[in-house]
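Here's a quick briefing to read alongside the model. Have the sequence and the 3D view open as you go.

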Amino acid sequence: MAMSVEEVEAAIIEKAKKAPKPQLYIKDFYKCAPDMKPRQIKKIANKLVEKGELMFWSSGSTTMYARPDRIKDEEGAEGIN
Amino acid sequence: MAKHDTPMLDELEKGPWPSFVTDMKRQAETHPECWDILGQLELSYEDKITHWKHGGIVGVFGYGGGIVGRYSDVPDRFPGVEHFHTIRVNQPAGLYYSTENLRALMDLWDKYGSGMTNMHGSTGDMILLGTRTENLEPLFWDLTHDLGQDLGGSGSNLRTPSCCLGESRCEWACYDTQDICYALTMHYQDEIHRPAFPYKFKFKFSGCANDCVAAIARSDFAVIGTWKDDIQIDQAAVKEYVAGNYPANGGAHKDGDWGPFNLKKEVIDLCPTQCMWMEGDELKIDNSECNRCMHCINVMPRALRPGKEKGATICIGAKAPILDGAQFATMIIPFIEVSKDNEYENIIDVIERIWDWWMEVGKNRERVGETMQRVGLPTFLSVMEVEPIPQHVKEPRSNPYVFWKEEEVPGGFERDIVEFRKRHAA
């Protein structure tokens with residue numbers, strides 16, 4: 001049976017809490033809802049940012065997601081633009 | 001902020017050419033943080049390493065792009081650039097803006113930032129260089145409410161779409177580039193302002209194959225104007241060019257000493273597909289061989305014009321050399337109608353077919369052109385539901401293996417893969 005949006009949200013938050021690295025690519029969330037289309041998962045993840053459950057973390061060229069309590073400060077990243 | 005000693009940078013002020021060092025010193029008179037840019041850059045020259053860090057969590061509420069965090073890794077020495085964030089402002093289609101708008105934008109940037117700009121970034125945005133985190137929200141408010149402008153894309157977002165000036169000034173534009181650029185910018189606001197993809201994705205719209213926005217070299221999705229029927233020829237005007245009464249190239253090179261116009265040498269012999277010839281005093285073109293290089297039309301604009309049945313070619317997968325080397329886009333759809341009457345439905349259909357596939361198959365930080373290269377063109381064409389045509393083939397195959405799918409072979413074939421693997425382990 002297909003997962004509800006609330007179930008997917010919970011799975012994404014759980015993944016963001018427990019992943020070894022605080023920053024996650026959108027693809028890292030795909031397994032949270034294997035039957036859902038990637039664009040739908042993206043919309044749910046972005047909604048979670050609006051709700052304050054996740055936040056964006058960008059290197060400039062790539063954007064990742066993280067739990068706000070797992071990102072300590074505004075230090076910049078080493079990387080490419 | 002103190003002025004720093006910058007002996008190496010000072011060397012870059014010598015000579016007859018413009019110097020960014022001179023510009024920044026002038027800017028530092030009103031924005032002292034610019035001294036710290038120069039000081040930090042001098043230190044980078046000494047240390048042979050950058051002292052910028054970039055990325056992080058800075059942004060404005062609700063947006064996941066448009067601002068790139070930038071910090072100094074030596075803020076104690078250069079406090080003026082402790083925060084020096086970059087802001088990308090979505091440029092107007094075709095880069096048309098009034099001087100009034102530019103002045104207002106610069107006033108805004110003088111108020112909230114360093115006053116330094118990069119007009120324009122390679123995606124086309126107006127880039128405002130250098131502000132602090134606490135200035136971001138007030139600047140965004142004024143930008144959107146007072147100037148009616150918006151941020152562009154960054155990160156894994158759809159990047160700010162860009163286009164040539166199209167039908168507004170160019171007689172060769174085969175579709176309205178500015179209209180589609182604006183329409184798709186509005187249609188894909190969510191994808192521009194919030195991350196959506198494994199990596200960046202760029203649209204560029206060129207009205208003809210002169211490709212003034214270099215869509216074929218710089219965009220994941222290049223829409224390049226073309227025509228389906230024959231190049232329009234005005235034989236009377238051809239004669240005028242031959243007689244020297246019309247200047248070649250619209251007079252663009254008239255100051256050089258090129259001698260009299262030579263149709264054979266300057267047009268026919270330079271045709272890359274050799275599809276032009278003279279019959280008596282009439283110019284003939286084998287249009288089935290024309291590859292839309294635009295050279296003949298550029299040289300004789302009063303005699304030759306694009307055909308009447310206009311649309312676009314879609315090329316996919318160009319990129320700059322970040323992970324792999326640079327690559328040009330690959331022609332996937334030779335001709336597609338571009339019509340505002342259907343709100344670009346057919347173009348949107350192609351875009352979303354690519355996205356649905358790439359979001360699933362593309363690896364993190366892999367541009368769509370790299371994914372295409374990894375899976376191979378035949379696989380990509382089947383994803384796009386495009387029938388292969390000879391023009392998709394770059395060169396005769398050197399790989400002797402031919403793989404057929406069951407549905408491609410008349411009568412098909414049956415194979416028990418389990419039974420096969422018992423004899424041939426994978």
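Predicted model: local features only at pLDDT ≥ 70, side-chain atom pairs only at ≥ 80, totals over all residues.

A residue counts as buried if 20 or more other C-beta atoms lie within 10 Å of its own, exposed if 12 or fewer do, and partly exposed in between, with C-beta atoms placed from the backbone. Residues are numbered from 1 along each chain as its sequence is written, while chains are lettered from A and ligands numbered from 1 in the order in which they are written.

**Chain A layout**
- Chain A has 2 helices and 2 strands, and along the sequence they run α-α-β-β. Helices (H or I, at least four residues) and strands (E, at least two) are DSSP runs, numbered from the N terminus.
- Strand 1 (residues 55-58) and strand 2 (residues 63-66) of chain A pair in the antiparallel sense over 4 bridges; strands pair if DSSP finds at least two bridges between them.
- These two strands of chain A make a hairpin with 4 residues between them, and Gly60(A) in the turn has a positive phi of about 110°.

**Helix 1 of chain A**
- Its buried residues are Val8(A), Glu9(A), Ile12(A) and Ala16(A).
- Viewed down the axis of helix 1 of chain A, the buried residues fall within an arc of 100°, so they line one face. The arc is that of the directions from the helix axis to the C-beta atoms.
- The face turned away from the buried side carries the exposed residues Glu6(A), Glu7(A), Glu14(A), Lys17(A) and Lys18(A).
- Helix 2 (38-50) and strand 2 of chain A are among what covers the buried residues of helix 1.

**Nonpolar cores**
- A nonpolar core is a set of buried Ala, Val, Leu, Ile, Met, Phe, Trp, Tyr and Cys residues joined through C-beta atoms within 7 Å.
- The largest has 59 residues, of which Ala222(B), Val223(B), Met300(B) and Ile316(B) touch the most other members.
- Helix 12 of chain B gives the most to this core, with 7 residues.
- Domain 2 (162-228 + 311-392) and domain 3 (232-305) of chain B both give residues to this core, so it lies between them; the domain bounds come from an automatic or database domain assignment.
- A second, separate core of 18 residues includes Ala16(A), Phe29(A), Ala33(A) and Phe56(A).

Key
Contact = placed C-beta atoms within 7 Å.
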